Amino acid sequence: MPLLKSRIITRTAVPCQTPTWQAMLAEAITDVAELLATLDLTPAQLKNPVTHPDFPLRVPRGFVARMEKGNAVDPLLLQVLPGAAEACVTPGYHADPVADQDAMVIPGVLHKYQGRVLLIATGACAIHCRYCFRQHFPYQEANAARAQWQQAVTYIGQQPQLHEVILSGGDPLMLGDHKLQELVLQLAAIPHVRRLRIHSRLPIVVPQRITPALIQVLTGTRLQTLMVLHCNHPNEIDAEVQQALQTMQRAGITLLNQAVLLHGINHLPQTQRRLSETLFHSGVLPYYLHMLDQVQGAAHFEVPESAALELMQQLQASLPGYLVPRLVREIPGAPAKVPVV
Ligand SMILES: *Cc1c(COP(=O)(O)O)cnc(C)c1O
Ligand code: SF4
């Protein structure tokens, strides 16, 4: 009896289940003062933090936990903290710098490049990245997930040259498993579609999103699955992220990373080297390093082209070729991302 009793007590004493990814999204920090207090920072230590009503602070607590306390220029903090520099109107910076709205063939479907099509699955994101080029995008009208993906699936079905469907956003993994499943099954039923590609930052910011059920949705059909992650700094990868990435890799998902070249965050060669090494250690290959899109409010993150080219030379001279990302820029009307050389 004592044994049984102690077992019962132990079981009821188990604190609570690990929070679900939905709970972690709901509990994200949206208040600047709370974020600063969590990091032991005072407003006086920062360069003019401001609130930004249209694109407010949003950062999950797990991501905040990877920031260094007391460091006002922490590279993860600078990616999410709204600052006064965002109010600067810079000539040459636009609301839609990559002319996405011209490439929209039907609501939420961007067909710019040959052989592949990009679906805007949702406008929602787990985190608000201050340099994001989609921050002024009209997601309400442009959402391929409406009406069970019907229009998008019909369009893809009529284009036999489309072999790859890219889910982007916002962050497509903000959608629930059921909504994703609906699409994956419909795509797998189109004979000319071979590959499903997901562009997501969620495995980095909320690794708990990578559940067995999600893996089953993504790998349960004949389609080959790729995931292009978005990670800018090696400190974004902690043990939990690493585990989520390894889980996906073992499930047969090809993992690539795209980063944005950001002044003050990852413009130094040692940071880029550590990023590539850390990614590869978790089964991820670097894919693209994007020059900043000239979106209004992000000019303070810009790295000039000459400095970017010098950085690439230093990376090429010190890393194996497969750990050097391709430096690219998006140019409206170009048939692909344009290499910067
Ligand atoms: C970036 C992008 C792609 C993917 O380009 P890849 O070079 O294949 O990675 C596809 N469609 C659109 C609209 C894009 O912006
Ligand atoms: S997660 Fe991606 S789409 Fe969302 S704000 Fe960040 S960069 Fe933009």
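Predicted model: local features only at pLDDT ≥ 70, side-chain atom pairs only at ≥ 80, totals over all residues.
The shell around ligand 1 is formed by Leu110, Lys112, Tyr113, Arg116, Leu118, Ile166, Arg197, Tyr287, Tyr288, Glu330 and Lys337. By residue class, six members of this shell are nonpolar and five are charged, while no polar residue is present. In Arg116, a side-chain N or O atom is placed 2.6 Å from an oxygen atom of ligand 1. The side chain of Tyr287 likewise has a polar atom 2.6 Å from an oxygen atom of the ligand. For Tyr288, the separation between a polar side-chain atom and an oxygen atom of ligand 1 is 2.6 Å. On its own, ligand 1 has 390 Å² of accessible area, of which the protein covers 93%. Two elements each contribute two or more residues to the shell around the ligand, namely strand 3 (116–120) and strand 8 (285–290).

A separate part of the analysis concerned helix packing. Two packed helices are described by the angle between their axes and by the distance that separates those axes. Helix 7, spanning residues 177–188, packs with helix 9, spanning residues 212–219, at an angle of about 10° and with the axes 9 Å apart. Because angles under 35 degrees count as roughly parallel, helix 7 is assigned as roughly parallel to helix 9. The crossing of helix 7 and helix 9 is left-handed.

Terms used
Residues numbered from 1 in each chain as written. Chains lettered and ligands numbered in written order. Heavy atoms only, no water. Near = heavy atom within 4 Å. Polar contact = N/O pair within 3.5 Å; in protein donor to acceptor, adjacent residues only side chain to side chain. Areas by Shrake-Rupley, 256 points an atom, 1.4 Å probe, with all protein chains shown as cover. Helix = DSSP H or I, 4+ residues; strand = E, 2+ residues; numbered from the N terminus. Nonpolar A, V, L, I, M, F, W, Y, C, P; charged D, E, K, R; others polar. Axes fitted to C-alpha atoms, helices over the stretch in contact; angles between N-to-C directions. Parallel < 35°, antiparallel > 145°, perpendicular 65-115°, else oblique. Left-handed = near helix turned anticlockwise from the far one by under 90°.
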